Amino acid sequence: MQVSVLQAELVAMAAKVASLEDTIANLAQENALLKRRLFGNRTERSHTSELQLALGDLLAGEAKLQQELADAVGKVDDALGKADDAPGKADDAPGSEPKPAAGPRVTPKGRRDLSTSTLPRVSVEILDPEREASGCRRIGFEDSMQLMFRRGGFSVLVKRVAKYEVIQDGEATVIAAPGPETLFPRALLHTSAIAHVLTSKFALGVPHYGSSKIWPTRA
């Protein structure tokens with residue numbers, strides 16, 4: 001009795017194992033088919049991705065529409081050009097606006113004017129010791145401003161470069177005193193301000209939102 005039961009269970013297990021083996025074989029075939037569809041055979045692989053193959057027709061249609069649009073715009077431009085070149089058309093016809101005359105180029109105004117700043121000011125006079133000692137006549141100063149940083153916060157540095165009247169080849173000319181070397185010529189930031197920004201960012205690790213609270217928003 002027990003032997004017949006064990007034989008029946010053995011037959012059932014053998015059938016189950018055979019079914020699982022068939023399932024594994026089918027899954028392996030499907031996996032190989034999916035790989036072939038995604039990547040193709042090794043001998044047929046190229047640098048073209050599947051996304052490019054899927055969107056190839058769509059991109060081609062878009063390029064065609066773009067070309068048709070460019071052709072239509074070109075035809076309109078040609079028609080307008082022929083109308084402008086038509087004989088008998090006067091530029092100063094009644095009702096037409098005169099063309100503006102070409103004037104001098106406007107100077108860019110992107111640089112901030114530190115003369116309107118409310119920050120404290122530090123004035124420094126830059127003199128030429130040699131010309132001071134030789135008795136050259138000082139005729140004034142040439143002022144320039146930069147944003148500087150010192151202990152306590154930002155301030156406006158007013159550099160006053162002395163100008164001297166010098167006789168060269170029998171003629172009077174004006175020469176300015178040599179200024180100190182700077183990192184960036186004609187820069188709005190003084191070397192101290194640049195050093196403070198670099199130190200805050202890379203040495204102290206101050207985040208941008210923290211630096212924005214320290215730096216002057218309206219210099």
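Let's start with A176, which sits in strand β4, a run covering residues 171–176. Keep in mind that this is a predicted model.

- Look past the neighbours within four places in sequence, and A176 is in contact with V161, A162 and K163.
- Take A162 as an example: A162 and A176 are 14 residues apart along the chain, yet their C-alpha atoms are 5.8 Å apart in space.

- Strands β3 and β4 run antiparallel, and six bridges join them.
- Which residue in β4 is the bridge partner of Y164? That's I175.
- The hairpin has two residues between its strands, and D169 in this hairpin takes a positive phi, near 55 degrees.

**Salt bridges**

- Here's the general idea: side chains of opposite charge can pair when their charged atoms come close.
- How many salt bridges does the model have? The count comes to five, and a few of them are worth a visit.
- E125 pairs with R160 in a salt bridge, with 4.0 Å between the closest N and O atoms. This pair links distant parts of the chain: E125 belongs to strand β1 (residues 121–126) and R160 to strand β3 (residues 153–168), 35 residues apart.
- Both partners are partly exposed: E125 has a relative accessibility of 45%, and R160 comes in at 26%.
- R137 and E165 also meet through their side chains, at 2.3 Å from N to O. E165 is partly exposed, at 26% relative accessibility.
- Some salt bridges share partners, and through them E125, D143 and R160 are joined into one network.
- Then there's R138 with E132, a salt bridge at 2.9 Å from N to O. R138 counts as partly exposed at 37% relative accessibility, and E132 does too, at 33%.

**Helix α5**

- Helix α5 takes in residues 191–203, which makes 13 residues. From its first C-alpha to its last it reaches 17 Å, close to the 18 Å expected at 1.5 Å a residue.
- Which residues of α5 are buried? They are A193, I194, H196 and S200. These residues are on the same side of α5, because they cover an arc of only 160 degrees around the axis.
- What covers the buried residues of α5? The cover includes β2 and β3, and β3 is the strand that also runs antiparallel to β4.
- On the face of α5 turned away from its buried side you'll find the exposed residues F202 and A203.
- After α5 comes G205, whose phi is positive, near 70 degrees.

Definitions and conventions:
Residues are numbered from 1 along each chain as its sequence is written. This is a predicted model: local features need pLDDT of at least 70, side-chain atom pairs count only at pLDDT 80 or more; totals for chains, interfaces and linings use all residues. Side-chain values use heavy atoms; hydrogens and water are left out. Helices (H or I, at least four residues) and strands (E, at least two) are DSSP runs, numbered from the N terminus. Contact means heavy atoms within 4.5 Å. Buried means under 20% relative accessible area, exposed over 50%, partly exposed in between (1.4 Å probe, protein chains only). The expected span of a helix is 1.5 Å times one less than its number of residues. The arc is that of the directions from the helix axis to the C-beta atoms. Two strands pair if DSSP finds at least two bridges between them.
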